[in-house]
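Me: Could you walk me through reading this model, one feature at a time? I would like the general idea and then the case in hand.

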Amino acid sequence: MRKLDIFTLIVVSGANLTLAGVALLLVAALKTGSRGILRCVVACGLFVSAFAFLPLRLATPGKLGILLTNIPLFAGGLFLIDGIRAFRERPRQRWLYLALSAAYLPAFSWFVFVRDDFTARVAVHSIFMGAVALLAAWAMGSEVPARDRGVYWSTAAGFGLYGLTTLARGYVAVFHGPLVFLRATPVEMAGVVALNVSALGCAF
């Protein structure tokens, strides 16, 4: 059976996230007081930049490529949560962003600079990105007026599915590694599809 090509999934995701970012930027240009939307645009930009750096990582393997294809994804996730909360007029949770960053950055960096371990990096990155996605789902789907639940809850469900599948990837990395770079499992494919649906849901 032919293996799933995660590179193809990444290209499709990058295209969809670019579309979502452009759509959100247009909405921000037409609407005043749109700080939350602009933060979501920044999140899309960070996601796309991480995907765009993947060819560099493939062409010149090294620590810089690892950082450029992972750190922007984590930062984009934080901007996404912050943007959703601002859009929904919720208070900013700086302490949460600082706590997540203070835990993620040293753990991920350890397996880049001290102990070079791809499977361990996948575990760390997946666990934190899964948690970030579930927080985004909660920010999007909690306390929604009845008239808006269809759009908000379906988008939140996409974030939630992506979060659960990403946590599952972390579990596999911890207990059933090692993993192979650029080889996707069906669970990962489902998660990436959910992320694409959620990104477009946020935009439209």
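Predicted model: local features only at pLDDT ≥ 70, side-chain atom pairs only at ≥ 80, totals over all residues.

Reply: Let us start with accessibility. Ala52 is exposed, with a relative accessible area of 51%; buried means under 20%, exposed over 50% and partly exposed in between, using a 1.4 Å probe and protein chains only. Ala52 has its place in helix H2, where helices (H or I, at least four residues) and strands (E, at least two) are DSSP runs numbered from the N terminus.

Residues are numbered from 1 along each chain as its sequence is written, and side-chain values use heavy atoms, with hydrogens and water left out.

Me: How many helices and strands does the secondary structure come to?

Reply: The protein has 9 helices and 2 strands. From the N terminus, the order of elements is β-α-α-α-α-α-α-α-α-β-α. Of the 204 residues, 46% are buried. As for contacts (heavy atoms within 4.5 Å), 73% of those with a separation of 6 or more join residues 24 or more positions apart.

Me: Now helix pairs. At what angle do H5 and H6 pack?

Reply: Two packed helices are described by the angle between their axes and the distance between the axes. The axes are lines fitted to C-alpha atoms, for helices over the stretch in contact, and angles between N-to-C directions run from 0 to 180 degrees. H5 packs against helix H6 (residues 94-114) at about 170°, and the axes are 11 Å apart. The two are therefore roughly antiparallel; the classes are roughly parallel under 35 degrees, roughly antiparallel over 145, roughly perpendicular from 65 to 115 and oblique for the rest.

On the H5 side, the meeting residues are Ile71, Phe74, Leu78, Ile81, Asp82 and Arg85, and on the H6 side Tyr97, Leu100, Ser101, Tyr104, Leu105 and Phe108. By class, this contact has 9 nonpolar, 1 polar and 2 charged residues. In this scheme Ala, Val, Leu, Ile, Met, Phe, Trp, Tyr, Cys and Pro count as nonpolar, Asp, Glu, Lys and Arg as charged, and the others, Gly among them, as polar.

Me: And at roughly what angle do the axes of H5 and H7 cross?

Reply: The axes of helix H5 (residues 71-87) and helix H7 (residues 118-141) cross at roughly 10° and come within 9 Å. H5 and H7 are therefore roughly parallel. Their crossing is left-handed, meaning that the near helix is turned anticlockwise from the far one by less than a right angle; clockwise would be right-handed. H5 brings residues including Leu73, Gly77, Leu80 and Ile84 to this contact, and H7 brings residues including His125, Met129, Val132 and Ala136. Sorted by class, the residues there are 13 nonpolar, 2 polar and 1 charged.

Me: Which residues of the largest nonpolar core touch the most other members?

Reply: A nonpolar core is a set of buried Ala, Val, Leu, Ile, Met, Phe, Trp, Tyr and Cys residues joined through side-chain atoms within 4.5 Å. The largest one here has 32 residues, and Phe74, Leu80, Ile84, Leu100 and Phe159 touch the most other members. Helix H2 (35-52), H5, H6, H7 and helix H8 (149-176) each give two or more residues to this core. H7 supplies the largest share, 9 residues. Take Leu100: setting aside neighbours within four places in sequence, Leu100 contacts Phe74, Leu78, Phe128, Val132 and Leu135.

Me: Is Ala123 buried or exposed?

Reply: Ala123 counts as buried, at 8% relative accessibility, and lies in H7. Beyond residues up to four places away in sequence, Ala123 touches Gly170, Ala173 and Val174. Ala120 is another residue of H7, and counts as buried at 15%. The C-alpha atoms of Ala120 and Val174 are 7.2 Å apart, although 54 residues separate them along the chain.

Me: Last one: what is the phi of Glu89?

Reply: Glu89 has a positive phi of about 60° and is not a glycine. Glu89 sits in the loop between H5 and H6 and counts as exposed, at 74% relative accessibility. Glu143 also has a positive phi, about 50°, and lies in the loop between H7 and H8. Glu143 is exposed, with a relative accessible area of 70%.
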